[in-house]
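Visitor: I would like to learn how to read a structure like this one. Could you take me through a few of its features, one at a time?

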Amino acid sequence: MKTDYSRHEKVYVRLKKSGKTGWDDEECVADNVNSLMELMQAEYIPRFGNMLELGCGTGDLILNFSNYKLFGIDISPTAIAWAKENADKNNINADLQTGNVLDLSRYPDDFFEIILDGHCFHCIIADDRKIFLSSAMRVLRPSGIMIIATMCGEITDENIKEHFNEGTRCIEHNGFATRYIGSVDDILDEIQQAGFRIIDKKLKTRKSMDDQDELFVICSK
Ligand SMILES: C[S@@+](CC[C@H](N)C(=O)[O-])C[C@H]1O[C@@H](n2cnc3c(N)ncnc32)[C@H](O)[C@@H]1O
């Protein structure tokens, strides 16, 4: 199955030109940040240390966690430049790098107390999903926590349905797979198959038929 992760750059160039604040509107960002903050209240979440966001975009999520030493990686140079502007504006120190989440070789083994999946895992297609998980596993500390936030479940949005391949469970545009929307069971299974231990999970159900269920999975090595 063909995919092209670099297409996200075009999206960010368009968003920046049109005066948007980032990938999502402010209401959606606030909702995402609140969901994450809620999950991070759990007693097993490390309170300090190195935090990495995979697919950090403009930093809308990670820059809210300045009690950690922050690291972010995204395939889009425009998103990373934008994230750096946001960090500077708010006087937040963060190591933000352009790069592919399938190659985390810039980070040492066992380096991060927390890894956040910034809705990036559902952008990762087919066998690359195993590479995503094994790369994250390598850089996560044995006592660390990874939080995955990913679209899942039945497709009810007519626009998505039109491009959704039931066989691969991918959204496809012009022969390129752009998103994977698996069932909850399949997603949990692939995370466990990669060697993660699932500590908790939460399903956030869609608010409307043109929305998508979201699965949060909290796991450790
Ligand atoms: C749905 S957006 C979310 C962005 C950001 N986390 C947020 O909440 O605003 C998914 C992000 O993953 C990034 N991404 C997709 N595939 C990637 C890859 N292979 N390597 C690095 N980043 C990738 C995209 O550029 C995009 O910024």
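Guide: Please keep in mind from the start that this is a predicted model. Let us begin with a pocket and then turn to the aromatic rings.

Visitor: What kinds of residue, by class, make up the lining of the second largest pocket?

Guide: Sorted by class, the lining of the second largest pocket holds 6 nonpolar, 2 polar and 4 charged residues. The volume of this pocket is about 230 Å³, and the residues around it include M1, D127, R129, K130, Y180 and E190.

Visitor: Which elements give two or more residues to that lining?

Guide: Those elements are α4, which covers 128–139, and α6, which covers 184–193. It is α4 that gives the most to the lining, with 3 residues.

Visitor: How many aromatic pairs does the structure hold, and how do I read one of them?

Guide: There are 8 aromatic pairs in the structure. A pair is read from the distance between the ring centres and the angle between the planes, where planes under 30 degrees apart count as stacked, over 60 as edge-to-face and the rest as tilted. For Y12 and W23 the centres are 5.3 Å apart and the planes stand at 55°, so this pair is tilted.

Visitor: Where do Y12 and W23 lie, and is each of them buried or partly exposed?

Guide: Y12 belongs to helix α1 (residues 7–17), while W23 is in the loop between α1 and α2 (26–39), so the pair ties together parts that are 11 residues apart in sequence. Buried means under 20% relative accessible area, so Y12, with 5%, is buried, whereas W23, at 35%, counts as partly exposed.

Visitor: What kind of aromatic pair do F121 and F132 form?

Guide: F121 and F132 form a stacked pair, with 4.8 Å from centre to centre and 25° between the planes. Because F121 lies in the loop between β4 (112–117) and α4, and F132 lies in helix α4, the pair ties together parts that are 11 residues apart in sequence. F121 is buried, with a relative accessible area of 0%, and F132 likewise counts as buried, at 0% relative accessibility.

Visitor: Which residue lies over the face of F121?

Guide: R129 lies over that face, at 3.8 Å from the ring centre, and R129 is also one of the residues that line the second largest pocket. Elsewhere, the charged end of K2 sits over the ring of F176, 4.8 Å from its centre.

Visitor: Which residues do ring pairs link into a cluster?

Guide: Ring pairs join F71, Y107, F111 and F112 into a cluster.

Definitions and conventions. Residues numbered from 1 in each chain as written. Predicted model: local features only at pLDDT ≥ 70, side-chain atom pairs only at ≥ 80, totals over all residues. Heavy atoms only, no water. 1 Å grid on protein atoms, 1.4 Å probe; cavity = no way out; pocket = protein on both sides within 12 Å on 5 of 7 lines; lining within 4 Å. Points joined across faces, edges and corners; volume = space filled by probe spheres on them. Helix = DSSP H or I, 4+ residues; strand = E, 2+ residues; numbered from the N terminus. Nonpolar A, V, L, I, M, F, W, Y, C, P; charged D, E, K, R; others polar. Phe/Tyr/Trp six-rings, centres within 6.5 Å; stacked < 30°, edge-to-face > 60°. Buried < 20%, exposed > 50% of the residue type's maximum accessible area, 1.4 Å probe, protein only. Lys NZ or Arg CZ within 6 Å of the ring centre and 35° of its normal.
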